[in-house]
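Subject: Handover of a structure and its findings

Dear colleague,

Please find below the structure that I am handing over to you. I would be grateful if you kept it open while reading the notes that come after it.

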Amino acid sequence: MRTVREAAVAVLLAAEPDAKMRAARDAHADARAGRLRAADPAKDPAPAMPDRPARPDRPVLLPPTAMPKRGRAGSPRARFALLHAVAHIEFNAIDLAADMAGRFGHLMPPEFAADWLRIAAEEAEHFAMLAELLAARGGSYGDLPAHDGLWEAAEATAHDPAARLAVVPQVLEARGLDVTPAMIARLRAAGDDRAAAVLARILADEVGHVATGNRWFRHLLAARGESPAAAARRFHDLVRAHFRGALKPPFNDSARAQAGLTTDWYLPLGAIAPASP
């Protein structure tokens, strides 16, 4: 019987999209069937968590500031670029969820790793749906450049599960709750109902992912002896310390509320300054 960490590492070290999706689905299936065991890395150190996940040869990864513009809104080219960008986010999200389970699972109840392996499998399904949309348009994932900013957040929070839970699900994924409705509206206005339906499905699932991050963040703070009243303040401190960028309105208040992020949770961060180097 393999360990949770072994299952997570298998996801992270799978470079090609099909292999990564298969590894994520297998890890989730094994977790559901009770075929994974917890292990203390201090007593059972192999394998070590990789610093970076394996990546396919394409897409070419550029700095965020070097990314080309998507083109005229509503054009087929711009819609392809939009879907490619979302596919890249979902591809990264597979690794982010697997890393959460493998890196921090031994510090948390067993349900923690099970939740994040389930989320990794859901992100794989999102990527698969987007890959189908790209194929229907005569292209594939990797046809356009992408950036590596999402994994930078994982590197910045690799030392602390509270920091990871604050930044990845409750900032980065929560941002998806804000921007996806406008993407859906743009696709529908262009008559692309199939793509709009896929993004609507992804949006519904992402509410659950953010909620999972919020729930485990609160659980971890309680386990560390911090009061529920202090949770939002602690969240603010961790985001200010470990997130580079700004939390920009408008916010999808209703979706955020469904995920446990009330306005006192994120509005104070609306003018956040970049973290120090």
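Predicted model: local features only at pLDDT ≥ 70, side-chain atom pairs only at ≥ 80, totals over all residues.

I begin with helix H1, which covers residues 4-12. Seven of its nine residues are buried, so H1 is largely enclosed by the rest of the structure. The buried residues are Val 4, Arg 5, Ala 7, Ala 8, Val 9, Val 11 and Leu 12. What do they pack against? Their partners are helix H2 (17-32), H3, helix H4 (110-136) and helix H5 (149-156).

For H1 and H3, the angle is about 155 degrees and the axes are 8 Å apart. An angle over 145 degrees counts as roughly antiparallel, and H1 and H3 are therefore roughly antiparallel to each other. The crossing of H1 past H3 is left-handed. On the H1 side, the residues that meet H3 are Val 4, Arg 5, Ala 8, Val 11 and Leu 12. On the H3 side, they are Ile 94, Asp 95, Ala 98, Asp 99, Ala 101, Gly 102 and Arg 103.

Helix H3 (residues 76-104) also packs with H6, at an angle of about 160 degrees and with the axes 12 Å apart. That angle makes H3 roughly antiparallel to H6. Here too the crossing is left-handed. Among the H3 residues that make this contact are Leu 82, Val 86, Leu 96, Asp 99 and Arg 103. The H6 residues in the contact include Pro 161, Leu 165, Val 168, Met 183 and Leu 187.

Salt bridges

Side chains of opposite charge can pair when their charged atoms come close. How many salt bridges does the structure hold? There are 21 salt bridges in the structure. I describe some of them here.

Asp 99 forms a salt bridge with Arg 103, with the closest N and O atoms 2.9 Å apart. Both residues lie in helix H3, four residues apart, which is about one turn of the helix. Asp 99 and Arg 103 are both buried. Asp 99 and Arg 103 also take part in the contact of H3 with H1 and in the contact of H3 with H6.

A second pair is Arg 201 and Asp 205, where the closest N and O atoms are 2.9 Å apart. Because Arg 201 and Asp 205 are four residues apart in helix H7, about one helical turn separates them. Arg 201 is partly exposed, with a relative accessible area of 39%.

Glu 226 counts as partly exposed at 26% relative accessibility, and Arg 234 is partly exposed with a relative accessible area of 26%.

There is also a network of salt bridges, which links Asp 115, Arg 118, Glu 122 and Arg 215. One of its members, Asp 115, is placed in helix H4. Is Asp 115 buried or exposed? Buried means under 20% relative accessible area, so at 14% relative accessibility Asp 115 counts as buried. Not counting residues up to four places away in sequence, Asp 115 touches Thr 212, Arg 215 and Trp 216.

A buried charge without a partner

Glu 173 is found in helix H6 (residues 161-189). Glu 173 is buried yet has no salt bridge. Its nearest side chain of opposite charge is that of Arg 118, 9.8 Å away. Leaving aside neighbours within four places in sequence, Glu 173 is in contact with Glu 123, Val 168, Glu 206, His 209 and Val 210.

Loops

Pro 250 lies in the loop between helix H8 (231-242) and helix H9 (253-258).

Finally, Ala 229 lies in the loop between helix H7 (193-223) and H8. At 58% relative accessibility, Ala 229 counts as exposed. From C-alpha to C-alpha, Ala 229 and Pro 76 are 48 Å apart in space, and they are 153 residues apart in sequence.

Yours sincerely,

A colleague

How values were computed:
Residues numbered from 1 in each chain as written. Heavy atoms only, no water. Helix = DSSP H or I, 4+ residues; strand = E, 2+ residues; numbered from the N terminus. Buried < 20%, exposed > 50% of the residue type's maximum accessible area, 1.4 Å probe, protein only. Lys, Arg positive; Asp, Glu negative; His and termini not counted. Salt bridge = Lys/Arg side-chain N within 4 Å of Asp/Glu carboxyl O. Contact = heavy atoms within 4.5 Å. Axes fitted to C-alpha atoms, helices over the stretch in contact; angles between N-to-C directions. Parallel < 35°, antiparallel > 145°, perpendicular 65-115°, else oblique. Left-handed = near helix turned anticlockwise from the far one by under 90°.
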